[in-house]
Amino acid sequence: MKLLVTGGAGFIGSNFILYWFQKHPEDQIVNLDKLTYAGNLENLSSIKDNPKYSFAHGDICDPALVDKAMKDVDTVVHFAADSHVDRSILDPDPFIKTNIEGTYILLKAALKNKVKKFHHVSTDEVFGSLSLDSKDKFNEKTPYDPRSPYSASKASSDHLVRAFHETYELPITISNCSNNFGPYQFPEKLIPLAITNLMEGKKVPIYGDGLYIRDWLYVEDHCEAINLVLQKGKNGETYLVGGLTQDIPNIDIVKKILQVMGHDESSTEQVKDRPGHDRRYSIDWSKIKNELGWEPKHSFDQALKETVDWYKTNKNWWKHVKSGEYREYYKKQYDNA
Ligand code: NAD
Ligand code: TYD
């Protein structure tokens, strides 16, 4: 089988490519990535000489290039996106372009090239915000209610993917997952930012009251869920993928990191809150469990320890990432805090 993976040099995409070659060494993978600030080919250095792997440097918004990359492809796994909420607040333009227009261009090329499966990787953020005092969880029937430029752009892309299935019978599946963490995550997201800041002797910034809740999912569990959806998922269906069974506020996530790394709460600082900050996300993943037999295999605490270890043993990776353009962004984001 030949797969086209978009955004394969990013956090989840690179974990997915490494996972896929372990499970399906006979398959061929083309990785189409623009190498934005978030794309890093170092993530894939262990497979760069694998003859089954090839890299196509380019933009999913370029129809001719996308059409070429789609030739003889059986399955598309679409990760490429601008993915960070805070950046979408500072400048929504690339989010609208890549996440909406880029997905549309991929869908047209997939139809033209008669791919057998188009899997779209999306987010639970399309469903908006749950309240702190409810026990509600998102499920596949929850109405869309995106509240940031990022989540609105992902919601638009989900609608386009479904429209191509309903209208043109493109064989699609969608997964909406919660916040991932694990190796190779760009240190702008909470967990790698906290770990690397502590290693650099900096404080961990906590937005607002810190009582925001995310449903943390270890990236390897996520890769396994996508694997199952590709093998056994039904065309046209959406599957929600989450990791936790209990609510853990950000402040407690940070306390766990402090504990694993031997720091105390003096290493945190409260900073200005994010505008429109979604209070709580929580996922009911019973559909993918009942229909495809998936459930997360990693406990949060164990996976967090492994993630801390990974950042400790891969200092060069994140030091490299934390230089240059990222520093400028960091300054803009936190200087007024
Ligand atoms: P990431 O930001 O780490 O990586 C995105 C990748 O896409 C990068 O390699 C980047 O170079 C590439 N890219 C960006 N614009 C492109 C373009 N126009 N053309 C080609 N390549 C382009 O993102 P991630 O965290 O790995 O997320 C992957 C997918 O999973 C995204 O679609 C995101 O919305 C979704 N998702 C992520 C999370 C999470 O917690 N990280 C949670 C839910 C859903
Ligand atoms: P983030 O990792 O940016 O993911 P998302 O916004 O997609 O959920 O943020 C996770 C949570 O952590 C969110 O509630 C915002 C909060 N947060 C902080 O408190 N401090 C930080 O420095 C960052 C980056 C996030």
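Which residues come nearest to ligand 2? I looked there first. Among the 17 residues around ligand 2, the nearest are Glu 125, Pro 205, Arg 214, Arg 274 and His 277. I count a residue as near when one of its heavy atoms lies within 4 Å of the molecule.

Ground rules next. This is a predicted model, where local features need pLDDT of at least 70 and side-chain atom pairs count only at pLDDT 80 or more, while totals for chains, interfaces and linings use all residues. Residues are numbered from 1 along each chain as its sequence is written, chains are lettered from A and ligands numbered from 1 in the order in which they are written, and side-chain values use heavy atoms, with hydrogens and water left out.

**Entry: ligand 2**

I went through polar contacts (pairs of N or O atoms within 3.5 Å). His 277 places a side-chain N or O atom 2.7 Å from an oxygen atom of ligand 2. For Asn 250, I read 2.9 Å between a side-chain N or O atom and a ligand 2 oxygen. Leu 190 uses its backbone: an N or O atom there is 2.9 Å from an oxygen atom of ligand 2. On its own, ligand 2 has 510 Å² of accessible area, and the protein covers 98% of that. I note the method as Shrake-Rupley with a 1.4 Å probe.

I then asked which elements build the shell. Helix H6 (190-199) and strand E8 (204-207) each give at least two residues. E8 has the largest share, three residues. Helices (H or I, at least four residues) and strands (E, at least two) are DSSP runs, numbered from the N terminus. By class, I find eight nonpolar, four polar and five charged residues around ligand 2. Here Ala, Val, Leu, Ile, Met, Phe, Trp, Tyr, Cys and Pro are nonpolar, Asp, Glu, Lys and Arg are charged, and the others, Gly among them, are polar.

**Entry: ligand 1**

I listed 28 residues around ligand 1, with Ile 12, Asp 33, Ser 83, Tyr 150 and Lys 154 nearest. A polar side-chain atom of Asp 33 sits 2.6 Å from a ligand 1 oxygen. Leu 35 brings a polar backbone atom 3.4 Å from an oxygen atom of ligand 1. Thr 98 has a side-chain N or O atom 2.9 Å from a nitrogen atom of ligand 1.

H1, strand E5 (117-123) and helix H5 (149-168) each supply at least two shell residues. E5 gives the most, three. The shell divides into 12 nonpolar, 12 polar and four charged residues.

**Entry: H1 against H7**

Last, I checked a helix pair. H1 (residues 11-23) and H7 (residues 219-232) pack at about 60°, axes 9 Å apart. I take axes as lines fitted to C-alpha atoms over the stretch in contact, with angles from 0 to 180 degrees between N-to-C directions.

Conventions
Polar contact = N/O pair within 3.5 Å; in protein donor to acceptor, adjacent residues only side chain to side chain.
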